[in-house]
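Subject: The two-chain model, handed over

Hello,

Here is the model I promised to pass on to you.

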Amino acid sequence: MMPLAESGALGPNGTLIAAPVLGFAFGWFLERAGLGSAPKLAGQFYLTDLTVFKVMFSALLTAMLGAFWLDRWSVLDLQLVYLPETFVLPQLAGGVLFGAGFLFAGLCPGTSCVAAATGRGDGFAVAGGMLLGVLLFNVAYSQLEGFYSSTSLGGVTLNDLAGTSKGVMVGLVTTVALAAFAIASRRVTATPVQRGFAVAAAALALAAVAVDLKSADPRSLAAEIETERDHISAPDLAGLIMAGDPTLRVFDLRTPAEFGRMHIPGARHATIQTLSRDVLPRNATIVLYSEGGAHAAQAWVLLRMRGHGRVFFLREGLFEWLSRVMEPRLPADAAERERADFARASEMSRFFGGIAREGVPRAEVPIGYWNDGRADDAGGSRADVTARKTSTGQMIAGIRRRGC
Amino acid sequence: MKRYADPYVAGVGIGLVLLAAYAIAGRGLGASGAFASVVATGMAVVEGSAEAAKSPATAPYLSHGLASPLHDWLVLELLGVIVGGFASAWFAGRTRATIERGEGVSTARRVTAAIAGGVLMGLGAKLARGCTSGQALTGGALLATGSWIFIATCFATGYALSPLARRLWR
């Protein structure tokens with residue numbers, strides 16, 4: 001998965017080799033559009049030539065839509081692409097100074113290099129001025145430092161700020177940009193190529209809004225939780241493991257010590273922290289469990305917000321695994337349905353090296369055990385949780401004594 | 001001299017280059033960062049590398065060691081921009097030793113305005129942590145809040161002050 005610099009596919013200097021190649025293409029397109037010529041750029045500020053606006057925003061749309069969809073299709077992980085951090089006041093002031101400078105120079109830093117490269121003396125003058133400006137900043141840094149680091153918001157996006165999903169913001173930006181393009185080019189007929197770009201951008205943006213509204217919208221998450229599509233039962237998980245589902249990823253959210261003592265076969269240790277940043281394949285079936293249910297449920301929300309579609313958790317944590325798969329118990333006064341479930345469970349128990357027990361007193365069968373996990377959750381009383389922890393501990397001790 | 005390309009086609013081209021930069025390097029394009037890198041190296045040579053490595057203004061640009069701005073991604077990228085810009089102009093017959101300016105504007109005036117504009121942009125780009133490439137384009141496409149603040153204030157100021165510079169570009 002990309003970026004390649006993060007996966008190490010290019011070696012230590014691989015990305016440095018890519019830099020001049022990408023720069024070459026960047027400079028080429030800037031010059032092709034005429035952005036090496038100061039009067040042409042300055043026309044932007046007098047609305048006589050809107051090339052700057054057209055080039056800049058069609059580039060922005062292309063990269064934005066491309067990045068959104070490559071991330072969706074698990075080709076590129078945007079979490080690993082550097083997101084410029086926000087410092088409200090310095091960026092506001094910097095924008096003001098930069099805008100004024102752009103107006104008088106008629107060139108921005110990148111285009112001044114293109115202008116200079118094509119023989120324009122004014123390009124050299126702007127580039128020289130840039131070096132001087134940076135030098136001034138560095139010399140005055142101790143005075144500017146307080147302001148420079150003020151009003152930091154960190155790596156925050158417009159959608160974070162607005163509380164919408166990324167797809168909705170992508171759709172909004174695309175809509176505004178396409179409308180502006182239409183106004184900017186209203187006196188000329190669009191060429192087939194331009195029309196094609198516009199249609200493609202509109203379609204990709206519309207689809208971005210649609211997929212995001214479908215998945216990570218808080219209301220749809222609420223509906224999934226409401227209808228109990230957020231969890232998986234221990235026997236169903238056992239079924240997936242036994243079938244050798246290659247997309248299955250099981251994560252144990254308990255402490256490393258607890259994980260070391262005993263964990264579900266194939267599970268890997270994780271924390272809320274690692275799950276919030278680690279790269280997982282988009283198509284993975286992710287199953288989470290913790291001691292009770294709380295941590296796993298929190299991780300579920302986190303992963304769903306990160307855009308993973310197939311995420312489930314064991315509602316009663318490891319206890320459910322132990323009591324329903326490893327050590328299923330059938331009460332002496334079992335009903336017909338309980339017997340059928342037990343038959344399935346004891347088969348699994350054998351597969352995973354547990355022991356199924358029949359004819360135990362009803363009192364020793366955990367409450368809510370045979371009713372498909374519709375037991376009261378870890379949200380129960382503290383005494384409940386403590387009792388469960390003890391019984392989980394006893395079960396683990398028992399299993400370990402047998403040497404499994 | 002050939003006509004300029006369709007700005008939308010050039011824009012989509014730049015967008016794809018930017019996307020490739022995300023995908024390959026995990027970062028975007030830039031220009032002012034390369035200037036900053038060159039200045040930091042220059043300062044390190046003049047005032048001693050130990051001094052420059054201590055200053056938080058220059059230290060981030062000196063992590064690869066002194067006198068090696070060529071190990072900086074942005075410096076290499078900007079060298080590419082220079083070669084690419086030249087190549088495009090060469091094939092289109094647009095290379096010309098000249099100073100481009102508005103009608104009736106003296107060379108001295110144009111050069112003065114260009115240097116002054118450059119100084120302002122240097123300061124502004126440092127304060128904003130990027131320029132039209134590294135902040136507006138790269139961060140804007142990732143929907144970074146600060147990038148959009150920069151885009152908005154940059155163009156708003158340009159338009160607000162445009163009457164002052166009218167004689168430069170008329």
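Below is what I found, chain by chain, then at the interface, then at a few single residues.

First, the ground rules. This is a predicted model, in which local features need pLDDT of at least 70 and side-chain atom pairs count only at pLDDT 80 or more, while totals for chains, interfaces and linings use all residues. Residues are numbered from 1 along each chain as its sequence is written, chains are lettered from A and ligands numbered from 1 in the order in which they are written, and side-chain values use heavy atoms, with hydrogens and water left out.

Chain A has 19 helices and nine strands (DSSP runs numbered from the N terminus: helices are H or I with at least four residues, strands are E with at least two). Of its 404 residues, 50% are buried (buried is under 20% relative accessible area, exposed over 50%, and partly exposed in between, with a 1.4 Å probe and protein chains only). Among contacts in chain A between residues at least 6 apart in sequence, 70% link residues at least 24 apart (a contact means heavy atoms within 4.5 Å). Chain A exposes about 18,100 Å², with 62% supplied by carbon and sulfur atoms (Shrake-Rupley areas with a 1.4 Å probe; for residues, only the protein chains shown count as cover).

Chain B has eight helices and zero strands. Its C-alpha atoms fill a box of roughly 50 × 40 × 35 Å along the principal axes. Here 59% of the 170 residues are buried, and the accessible surface comes to about 6,700 Å², 65% of it belonging to carbon and sulfur atoms. For contacts in chain B with a separation of 6 or more, residues 24 or more positions apart account for 56%. Chain B carries 14 positive and 7 negative charges, whose mean positions are 9 Å apart (Lys and Arg count as positive, Asp and Glu as negative, with His and the chain ends not counted; each charge is placed at NZ of Lys, CZ of Arg, CG of Asp or CD of Glu).

Now to the interface. Chain A and chain B bury about 10,300 Å² between them, 76% of it on carbon and sulfur atoms (buried area is the accessible area, with a 1.4 Å probe, that two parts lose on being put together, summed over both). On the chain A side, Phe26(A), Arg32(A) and Phe104(A) lose the most area to chain B, together 7% of what that side buries. The contact takes 121 residues from chain A and 112 from chain B. Three salt bridges are found across it (a side-chain nitrogen of Lys or Arg within 4 Å of a carboxyl oxygen of Asp or Glu). Glu31(A) and Arg94(B) meet in a salt bridge through their side chains, at 2.8 Å from N to O.

Finally, some single residues. Thr151(A) has a positive phi near 45° although it is not a glycine; it sits in the loop between helix 8 (141–148) and strand 2 (152–154) of chain A, and is partly exposed at 33% relative accessible area. Leu143(B), also not a glycine, has a positive phi near 65°. Leu143(B) lies in the loop between helix 6 (132–141) and helix 7 (145–161) of chain B and is buried, at 0%. Thr107(B) belongs to helix 5 (residues 107–128) of chain B and is partly exposed at 34%. Leaving aside residues up to four places away in sequence, Thr107(B) touches Ile99(B) and Arg101(B).

Best wishes
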